[in-house]
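I opened this model to look up a few places in it. These are my notes, entry by entry.

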Amino acid sequence: MNDCITLAHGSGGRKTNELISELFKKHLGNAYFTADDAAVLPRPEGRIAMSTDGFIVSPWKYPGGNIGRLAVCGTVNDLACMGAKPLYLTCSYVIEEGLPISDLEEIAAAMGETAREAGVYIVAGDTKVAGKGQVDKIFITTAGIGVIEDGVETSGKLAQPGDAIIVTGDVGRHGTAILLARDEYGIEADVTSDCAPLGQAVEKALEVCPEMHVIRDATRGGVGTVLYEITEQANVGIRVNREDIPVAEEVKGVTGLLGLEPLYLACEGRMVMMCPKDKADAVVEALSGCKYTKGAKIIGEVTQDNVGKVVMATEVGGMTYLPQPGNELLPRIC
Ligand code: MG
């Protein structure tokens, strides 16, 4: 193979086949991975969740992951938010002419590894090559389906006053890691992205609390945006305790220097859950036993008053409104 992607790799001819058989099949191949026009899959029983997402992160790799791992986690986690066990993914690449093939290999390897970790099959894919400057290195779109456990129903509109609010780990890591990887601020800090597949954690949480009301991954816009979305969707208020919100010291350091609110920085491996208060400790305990949710904590509760607002109890004992989500702080983070 050539060392770089050329327009011929996207032509659908010999070069495309070479790429599929020598690179994608090696990393993404499984019993369902197809060379035909569509994958043929066993029919799952029960309700199905389906989701899709495009990934255009810059830079494409950063401490703790790359766009390949991100593209699998993003869709797998969206399915898990509906209480679905992710089954199958498709992936579509738009690659900029000139991308080193070794970069593509690194991305595909991360996708394969993450898919196997998440227990999901990548069953079909597409590759297009765009001319130089038409895209920035590589854009990936994944779509996925999962099957929802009987009796489980989660939705932002189901949050109820009295529900406990849980975050599954420390917030703001992914956004901070991307910001540092861009090297625009001259700050040196050791922050890795939280990007991770959370299907297993959701499964464990639902085992102890099948009546879970809300699960949402705090991606673009972070935990703060999720909280405001829920107040609108469910017509409730939210109260959180600043001192209970887990933020890693190194993230605190960077966000403090730049005057950023960690609650508004993206996560790619963190979820917000809302469940009846009497089940919250059991959910936290179940999450604490899973690889990527060891730092789960109760951070507040859903309230009847202050509808449409997120109220924050501060460390010094005061109350303040969390400012409404503003404009996109960092473009192209996920
Ligand atoms: Mg989501």
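Entry one, a helix pair. I looked up helix H1 (residues 14-28) and helix H3 (residues 101-118), whose axes come within 7 Å and cross at roughly 35°. Axes here are lines fitted to C-alpha atoms over the stretch in contact, with angles from 0 to 180 degrees between N-to-C directions. Helices (H or I, at least four residues) and strands (E, at least two) are DSSP runs numbered from the N terminus. I listed the contacts (heavy atoms within 4.5 Å): Leu19, Leu23, Phe24, Lys26, His27 and Leu28 of H1 meet residues of H3 including Ile101, Leu104, Met111 and Arg116.

Entry two, the source. The model is predicted, and local features need pLDDT of at least 70, side-chain atom pairs pLDDT 80 or more, while totals for chains, interfaces and linings use all residues. Residues are numbered from 1 along each chain as its sequence is written, and side-chain values use heavy atoms, without hydrogens and water.

I found eight of the nine residues of helix H4 (residues 173-181) buried, that is, under 20% relative accessible area with a 1.4 Å probe, protein chains only. Among them are Arg173, His174 and Leu180. Strand E2 (61-62), helix H2 (67-81) and helix H7 (249-258) are included in what covers them. After H4 comes Asp183, with a positive phi near 60°.

I located Glu268 in the loop between H7 and strand E10 (271-275). Which side chain of opposite charge is nearest to Glu268? I noted Arg220, 7.6 Å away; Glu268 is buried and has no salt bridge (a side-chain nitrogen of Lys or Arg within 4 Å of a carboxyl oxygen of Asp or Glu). For charge, Lys and Arg count as positive and Asp and Glu as negative, with His and the chain ends not counted. Glu268 touches His174, among others.

Methods: Buried means under 20% relative accessible area, exposed over 50%, partly exposed in between (1.4 Å probe, protein chains only). Lists of a residue's contacts leave out its neighbours within four places in sequence.
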